[in-house]
Amino acid sequence: MTKIDDVARLAGVSTATVSRALRGLPTVSAATRRRVLAAAEQLDYEVSPSASRLAGGRTGTVAVVVPRITRWFFSTIVEAVEEFLHQSGYDLLLYNLGGREQVRQRVLRTANLHKRVDAIMLVATPLRPADLTALATLDLPGVTISSGTRVPNWPCVRIDDVAAARTATRHLLDLGHHRIAHISGDPDDELAFTTHLDRRRGYQAELRAAGLRPDPSLDVESTFTIDGGNRAAAELLARGEPPTAIFAACDEMAMGAMTALRDAGLRVPQDVSVIGIDDHDLAGVLGLSTIAQPAAEQGRLAARMLLDPLAARSVGPIVGQRTAGCETPVILPTRLVVRDSTAPPRAH
């Protein structure tokens, strides 16, 4: 039976190079890959995943950590990452924290992870100082997704949350709205970290740019869920005169707000316009205007940056912008998608 060592000997390269060449990784030159493939074909060699990984001293597995897999943003990213890793010959080891401190400590603060994976991807995972210390001790390559997760010397992929919020608010202002409410993340929610702060900052900045003073009575905090949006909108209505428009920090909150408004006998958008951020799979079905963010592309790019260190510096057709807070950040563009949930305010 032909072994990987035989292919390496015939091709005149190391077994690790054979492994990388047969997996199609970009760190092998075209000439070397052709030589390895010719040797493998001549010897009728069939790739053994376990042998290929061991030859390079690797596990062939990437750890992906998410706060809650049930949320649209996280599940969309994980699906895209898994597909990319599979095509590259890697497996995905998923850690769903689910708000459980014991899981966090087992994943981020144990040396056992070093022996199980080759790299780590943190998807919008809030970190404590002890987590950062543990990650530094592991000495594994990593990448983060979202502005709320920052690890020294790790690249990150994200959108500009401030700019996205400004675009959503500007859309409502351009329609003629002035009494614009904002429903945002709960600072005590483990998923909120800085995303809700950035989006509130963008909302307020755009109001001020239009000569309007942000009204605290039109700003309600809740969880990044449909139920959270429902409760936030209900609270807004209970405070008195309803707003003419609502900007929700995510599409799921916007969906909940739409339900609360309709339960209160208000029509969307005739009485109250609603816009969110994400472009959730159900946004089109519900006619929700939104700021679309490329969740799947964030996952694919982050996976590429993990597998090919050169991609952290050169990411093909996507141009990254350096910003404070992340190492080598790549900021992907968002876009306004106008649907049926936003319209000019009703004339009184």
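At what angle do helix α5 and helix α14 pack, and how far apart are their axes? In this predicted model, helix α5 (residues 72-87) and helix α14 (residues 295-307) pack at an angle of about 45°, and 8 Å separates their axes. Because angles from 35 to 65 degrees fall between the roughly parallel and roughly perpendicular classes, α5 and α14 are oblique to each other. Their crossing is right-handed. On the side of α5, the contact is formed by W72, F73, T76, I77, A80, V81, F84 and L85; α14 contributes A295, A296, Q298, G299, R300, A303, R304 and L307.

The protein as a whole comprises 14 helices and twelve strands. Of its 348 residues, 51% are buried. Among contacts between residues at least 6 apart in sequence, 69% join residues that are at least 24 apart.

Aromatic pairing was examined next. Two aromatic pairs are found in a search of the whole structure. One of them is formed by F73 and F74, with 5.6 Å from centre to centre and 70° between the planes, an edge-to-face arrangement. F73, which also takes part in the contact between α5 and α14, has a relative accessibility of 15% and therefore counts as buried. F74 likewise counts as buried, because its relative accessibility is 6%, under the 20% limit. In the pair of Y203 and F247, the ring centres are 6.4 Å apart and the planes meet at 40°, so this pair is tilted. Y203 belongs to helix α10 (residues 195-209) and F247 to strand β8 (residues 245-248), so the pair ties together parts that are 44 residues apart in sequence. Both Y203 and F247 are buried.

Helix α8 (residues 129-138) has buried residues at D131, A134, L135 and L138. Viewed down the axis of α8, the buried residues fall within an arc of 100°, and they therefore line one face of the helix. P129, T133, A136 and T137, on the other side of α8, are exposed. Just after this helix, D139 adopts a positive phi of about 55°.

With a relative accessible area of 13%, T61 is buried. When residues up to four places away in sequence are not counted, T61 touches Y90, D91, L92 and L93, as well as R116, V117, D118 and A119.

Apart from neighbours within four places in sequence, P242 is in contact with R179, L237 and L266. P242 and I180 are 62 residues apart in sequence, while their C-alpha atoms are 9.4 Å apart in space.

Notes: Residues are numbered from 1 along each chain as its sequence is written. This is a predicted model: local features need pLDDT of at least 70, side-chain atom pairs count only at pLDDT 80 or more; totals for chains, interfaces and linings use all residues. Side-chain values use heavy atoms; hydrogens and water are left out. Rings of Phe, Tyr and Trp (its six-membered ring) pair if their centres lie within 6.5 Å; planes under 30 degrees apart count as stacked, over 60 as edge-to-face and the rest as tilted. Buried means under 20% relative accessible area, exposed over 50%, partly exposed in between (1.4 Å probe, protein chains only). Helices (H or I, at least four residues) and strands (E, at least two) are DSSP runs, numbered from the N terminus. The arc is that of the directions from the helix axis to the C-beta atoms. Axes are lines fitted to C-alpha atoms, for helices over the stretch in contact, and angles run from 0 to 180 degrees between N-to-C directions. Angles under 35 degrees count as roughly parallel, over 145 as roughly antiparallel, 65 to 115 as roughly perpendicular and the rest as oblique. A crossing is left-handed if the near helix is turned anticlockwise from the far one by less than a right angle, and right-handed if clockwise. Contact means heavy atoms within 4.5 Å.
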